[in-house]
Amino acid sequence: MATILLHKKKQTPFWLVPAYACLVVMPLWTAGFLTVMPFSYHFTSESMSRAAAEIPAASFYELLHIENHAFRSVMEPEQSTIGWVDAAFQSAAGISLRDPRTFLGKELPGFSIYDGQILIAGEGTDYTTMPVESNEPDDLPVPQAPDAGPNEPDTDTPAIEEKEVLLYFTHTSESFTPKNGQDPVNITEVGTMIAENLESKGIGVSINKTNIGALLNKKGKKYSASYEESRAVVAAVQKGEPTLSYLVDIHRDSQGKSITTTEINGQMMAKTVFVVGGEHPGYEENARFASALHKLFEQYYPGLSRGVIVKSGSQTNGKFNQDLSNRAMLIEMGGIENTREELERSAAAFADVLARFVKSEQNE
C-alpha cells in the first residue's frame, strides 16, 4: 500500500503548488494595486484621458516608430523612454521621479502650498515663489456697503454697448497691510480700480462685492467652503446678465513684497499671477486664456506677470469656479504688503491688457 501511495505522489503535477499560490496571492496583489492607485483614476474615459496625458509625447512617438520609422525624424535626440518609468510611478503611487515635491508633499505639514504646475514661469517665478492662498479670513473689517461702482464715463470715454466682464471676490476679507503706515486696502477696492480702468476703455463691467465671509458665517460653514458660496453668487449673476463671459476672481497673494513687487519704468508695481484650476474638462481653454494675457503683459509690461500656475489635487479647490466659462480666471494681484499706489498702477495695467484681449476677440 505504501508503495502505491508513493507512486501516486510522484505522479502529482509539479505545477499545482505554484498555481495554488498564485490563486491565493493574486487577490492580495489586486487589492494592493487598487489601494495605492490615486482615487482620481477610475475606469472612465475622463480619468483614462488624464492618465494618458501624463505619458510623455516621446513615448508615444516610440510606439509609432515601431510601425512607421518616419516618426523617428520628429523625435528630439535628448528624449528618453525613462518617461515610461516616471509615468508608472505616478499611476501607481502618485510619485513623479522628475518632481521631488511628490516625495515630501504628504509628509511635511504645509508643504502643499508648493503644489501646482508652472505652466508659464514669469520673471522670478519658480517652485519657491509659488502663490500662497489665504487659508483663513483676515481680521480686518470688510467694507459693508458696496461702492457706487465705476464712475460714469465722460465724453471722451468710448460707448459701452453691454457688460462682458464680471469682477468678483471669493475671499472678500483679503486685505493689503503696507508697512509704510498706510491704511489697509481691501481686495474689493482693487476690483473698483480695475473696473474704472476697464470702463474708461469702453469695456462693460459688472462688479459683485458680495461678502462671501458673511455668507459662510450665516450658514455656519468653514472658510474652505468659500468657492462653494462664490459659485452660487456667480451663477446667479450670469443668469441675470447672460452677456458676461469674462469672469475674474480677484485675490491677494500671501507672499511677501520681495516676491510680489517689481519696478517698471521707474515705478513700483504689484505683480500679478494667473491661477488655473486643473480639475475640470475645459481647463485647457482657461489656461489658454490666461496664457494669452500673460503674453500681453510681457509685450506691454515686461516682468509684471508672475506667470500661469495650474493647480489641482486634494489640498486645493481644483476648479475655482472656472468651469462656469471658458474665459474664467483667478488672479492674485500683489501681496500682503503692497501699497495702494502700487495696486492702482497694476490695476490699470491689468485692465489695459484685458481690454486689449476683449477687443481683439470682438474684432474677430
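Before looking at any helix pair, I noted the handedness rule: a crossing is left-handed if the near helix is turned anticlockwise from the far one by less than a right angle, and right-handed if clockwise. I also noted what a helix is here: helices (H or I, at least four residues) and strands (E, at least two) are DSSP runs, numbered from the N terminus.

**Ground rules**

I am working with a predicted model, where local features need pLDDT of at least 70, side-chain atom pairs count only at pLDDT 80 or more, and totals for chains, interfaces and linings use all residues. Residues are numbered from 1 along each chain as its sequence is written, and side-chain values use heavy atoms, with hydrogens and water left out.

**Overview**

I began with the inventory, and the protein has 12 helices and 11 strands. Next I checked burial (buried means under 20% relative accessible area, exposed over 50%, partly exposed in between, with a 1.4 Å probe and protein chains only). Of the 364 residues, 41% count as buried. Then I turned to contacts, meaning heavy atoms within 4.5 Å. Among contacts with a separation of 6 or more, 74% join residues 24 or more positions apart.

**Helix 8 and helix 9**

I started with helix 8 (residues 212–219) and helix 9 (residues 226–240), whose axes come within 9 Å and cross at roughly 110°. For the record, axes are lines fitted to C-alpha atoms, for helices over the stretch in contact, and angles run from 0 to 180 degrees between N-to-C directions. Angles under 35 degrees count as roughly parallel, over 145 as roughly antiparallel, 65 to 115 as roughly perpendicular and the rest as oblique. So I wrote down helix 8 and helix 9 as roughly perpendicular to each other. Their crossing is right-handed. On the helix 8 side I found Ile-212, Leu-215, Leu-216 and Lys-219, and these meet Ser-226, Glu-229, Ser-230 and Val-233 of helix 9.

I sorted that contact by class (Ala, Val, Leu, Ile, Met, Phe, Trp, Tyr, Cys and Pro count as nonpolar, Asp, Glu, Lys and Arg as charged, and the others, Gly among them, as polar). The contact of helix 8 with helix 9 divides into 4 nonpolar, 2 polar and 2 charged residues.

**Helix 12 and its partners**

I looked up helix 7 (residues 187–200) against helix 12 (residues 340–362): the axes come within 8 Å and cross at roughly 45°. That makes helix 7 oblique to helix 12. The crossing of helix 7 and helix 12 is right-handed. Residues in the contact include Met-193, Ile-194 and Leu-198 of helix 7, and Ala-347, Phe-350 and Leu-354 of helix 12. By class, I have 11 nonpolar, 1 polar and 3 charged residues for helix 7 with helix 12.

Helix 11 was my next partner for helix 12; their axes come within 10 Å and cross at roughly 120°. That makes helix 11 oblique to helix 12. The crossing of helix 11 and helix 12 is right-handed. Among the residues that meet are Phe-289, Leu-293 and Phe-297 in helix 11, and Phe-350, Val-353 and Leu-354 in helix 12. The contact of helix 11 with helix 12 has 11 nonpolar, no polar and 1 charged residues.

**Nonpolar cores**

I then searched for nonpolar cores, each a set of buried Ala, Val, Leu, Ile, Met, Phe, Trp, Tyr and Cys residues joined through side-chain atoms within 4.5 Å. The largest has 44 residues, and Ile-194, Phe-350 and Leu-354 touch the most other members. Helix 12 gives the largest share of this core, 10 residues. Apart from it lies another core, of 11 residues, including Leu-166 and Leu-247.

I followed up Leu-354: beyond four places in sequence, its contacts include Val-165, Val-248 and Met-329.

**Single residues**

Asp-352 also lies in helix 12. I found Asp-352 buried, at a relative accessible area of 10%. Neighbours within four places aside, Asp-352 is in contact with Lys-201 and Tyr-301.

His-294 sits in helix 11 (residues 283–300). His-294 is buried too, with 7% relative accessible area. Not counting residues up to four places away in sequence, His-294 touches Ile-120, Phe-274 and Val-308, among others.

Asn-317 counts as partly exposed, at 33% relative accessibility. Leaving aside neighbours within four places in sequence, I have Asn-317 in contact with Tyr-227 and Glu-279.
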